[in-house]
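Look over the chain below before reading on.

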Amino acid sequence: MKADTLKRIFPVILITVVVFACVALLNWTASITRGKIEAQKEQQVQSMLAEMFPNMSQYTFEDDIYTIYSDGDRVGYAFIAVGKGYGGDIDILVGLEDATTIKGITIIPPITETPGLGSRIAESSFTDMFRGLNIADVALSRDGGQIDAITGSTISSRAVVDAVRTEAMEKVKLLEDSEE
């Protein structure tokens with residue numbers, strides 16, 4: 001009877017040990033690569049900031065807001081907004097010239113939206129529409145705003161527009177509160 005019970009229990013014990021070993025290896029691998037991945041993403045954001053603010057000499061990062069300086073003078077702000085697109089989260093770097101004006105936006109790769117449709121949110125034909133807009137005008141044209149949705153990709157377009165407007169309003173409020 002003990003041998004028969006052992007034959008039934010052995011596969012369960014073996015699978016449990018294998019699962020625990022796999023989980024431990026995955027956690028170990030994640031801990032090793034996490035720092036490198038975060039450093040690469042930060043380097044990518046720095047590169048995007050330099051492209052968005054060509055006269056940038058330095059920046060500070062506080063309360064999830066990048067404050068951009070050029071030779072000691074503040075020239076703008078930037079932050080990352082996250083929209084819920086058709087294919088998942090869309091990370092967007094948003095630059096502000098001041099408390100009311102969008103400097104520009106850049107979609108941060110990887111883009112998980114549908115290739116050829118939703119992925120077009122990263123093209124300049126879409127992102128350039130945000131440049132110079134008042135935050136209050138950041139809405140799809142069918143909703144009274146200044147942004148034209150990408151044909152066949154309304155969900156992705158709306159996700160970007162809503163994330164930029166909502167997050168910009170929140171960040172501007174934070175900036176105004178910190179200046180008081």
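Is Lys-84 buried or exposed? Lys-84 is exposed, because its relative accessible area is 61% (buried means under 20%, exposed over 50%, partly exposed in between, with a 1.4 Å probe and protein chains only).

This is a predicted model, where local features need pLDDT of at least 70, side-chain atom pairs count only at pLDDT 80 or more, and totals for chains, interfaces and linings use all residues. Residues are numbered from 1 along each chain as its sequence is written, and side-chain values use heavy atoms, without hydrogens and water. The chain averages a pLDDT of 91, and 99% of the residues score at least 70 (pLDDT is the predictor's confidence in each residue, from 0 to 100).

Lys-84 makes a salt bridge with Asp-89, with 2.8 Å between the closest N and O atoms (a side-chain nitrogen of Lys or Arg within 4 Å of a carboxyl oxygen of Asp or Glu). Asp-89 is partly exposed at 41%. The whole structure holds nine salt bridges. Another joins Arg-8 to Asp-4, at 2.8 Å from N to O. Both residues sit in helix H1, four residues apart, about one turn of the helix (helices, H or I, have at least four residues and strands, E, at least two; both are DSSP runs numbered from the N terminus). Arg-8 is exposed at 59%, while Asp-4 is partly exposed at 40%.

Now the strands. S4 (residues 88–96) pairs with S5 in the antiparallel sense over six bridges (pairing takes at least two DSSP bridges between two strands). A hairpin of five residues links S4 to S5. Ile-92 stands opposite Ile-107 in S5. S5 is largely enclosed by the rest of the structure, because five of its seven residues are buried.

Next, a loop. Ile-135 lies between helix H2 (124–127) and H3. Ile-135 counts as buried, because its relative accessibility is 6%. Leaving out residues up to four places away in sequence, its contacts include Leu-96, Ile-102 and Met-169 (heavy atoms within 4.5 Å). Met-169 is 34 residues away from Ile-135 in sequence, yet 7.3 Å away in space, C-alpha to C-alpha.

Helix H3 (residues 154–179) carries Glu-167. Glu-167 is buried at 18%. Beyond its neighbours within four places in sequence, Glu-167 contacts Phe-79, Ile-80 and Ala-81.
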